[in-house]
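Could you walk me through this protein in plain words? I'd like a quick briefing that I can follow with the model open beside me.

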Amino acid sequence: MSSIDQKTIIKTVSAINGVDITADGTTVGNSVDTKGFESLTFDFAYSSTTGGTFTPAIEDSADNVTFVAVVDEFLIGTEAQAVPTVANVHTTIGYIGTKQYARASIVASAVVGGAGGAVCVASTAILGSPRRAAIVNNA
């Protein structure tokens, strides 16, 4: 039974727009401004894969220009734990760092491409614990 409103205490932002990854390389996501929020979780949605390893990478920045890899002590769950091991799955990584901006990327390796790509991935940033509630959220 759901009896507590969550919609007005979270904000969702597109961290990685849905994209087919068909070759090795890094797909860099969108910057997420955490100003006004105390928590951030990245949710990664993966389609079925035709082969390869797709590792999330979390970076942060104080100025929204220079991003660096976040060390594990500032993550809830590791990037290695968020690698999909089955088709059509969601994985999550929490961020508890001190920087205002964060972003998620996908590092693809040993990709076996094919029609429609090796994997389709999207990520949503879920901002929570607002310093001021209620949030006017996406529809």
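Here is a short tour, covering the sheet, the core, one serine and a pocket.

This is a predicted model, where local features need pLDDT of at least 70, side-chain atom pairs count only at pLDDT 80 or more, and totals for chains, interfaces and linings use all residues. Residues are numbered from 1 along each chain as its sequence is written, and side-chain values use heavy atoms, with hydrogens and water left out.

**The sheet**

- Five strands make an open sheet in the order 1-10-4-8-7, with antiparallel pairing; strands are DSSP runs (E, at least two residues), numbered from the N terminus, and two of them pair if DSSP finds at least two bridges between them.
- Strand 1 and strand 7 (75-76) are the edges, so each pairs on one side only.
- Strand 4 is joined to strand 10 by nine bridges and to strand 8 by seven, running antiparallel in both cases.
- Look at Ala45: it stands opposite Ala122 in strand 10 and opposite His90 in strand 8.
- Tyr46 has Val89 of strand 8 as its bridge partner.

**The core**

- The largest nonpolar core has 26 residues; such a core is a set of buried Ala, Val, Leu, Ile, Met, Phe, Trp, Tyr and Cys residues joined through side-chain atoms within 4.5 Å, and buried means under 20% relative accessible area (1.4 Å probe, protein chains only).
- Strand 4 (37-46) is one of the strands that supply at least two residues of this core, and its five residues are the largest share.
- Ile58 is among the residues with the most contacts inside the core.
- Leaving aside neighbours within four places in sequence, Ile58 is in contact (heavy atoms within 4.5 Å) with residues including Phe42, Phe44, Val68, Leu75 and Ile93.

**A buried serine**

- Ser123 lies in strand 10.
- Ser123 counts as buried because its relative accessible area is 1%.
- Beyond its neighbours within four places in sequence, Ser123 is in contact with residues including Val13, Ile16, Phe42, Phe44 and Ala104.

**The pocket**

- The largest pocket holds about 200 Å³ of space; on a 1 Å grid over the protein atoms alone, a pocket is an open set of points where a 1.4 Å probe fits, with protein on both sides within 12 Å along at least five of seven lines.
- Its lining has 13 residues, with Thr34, Phe37, Glu38, Gly97 and Lys99 nearest the centre; lining residues have an atom within 4 Å of a point.
- Strand 4 gives the most to this lining, with four residues.

Key:
Buried < 20%, exposed > 50% of the residue type's maximum accessible area, 1.4 Å probe, protein only. Points joined across faces, edges and corners; volume = space filled by probe spheres on them.
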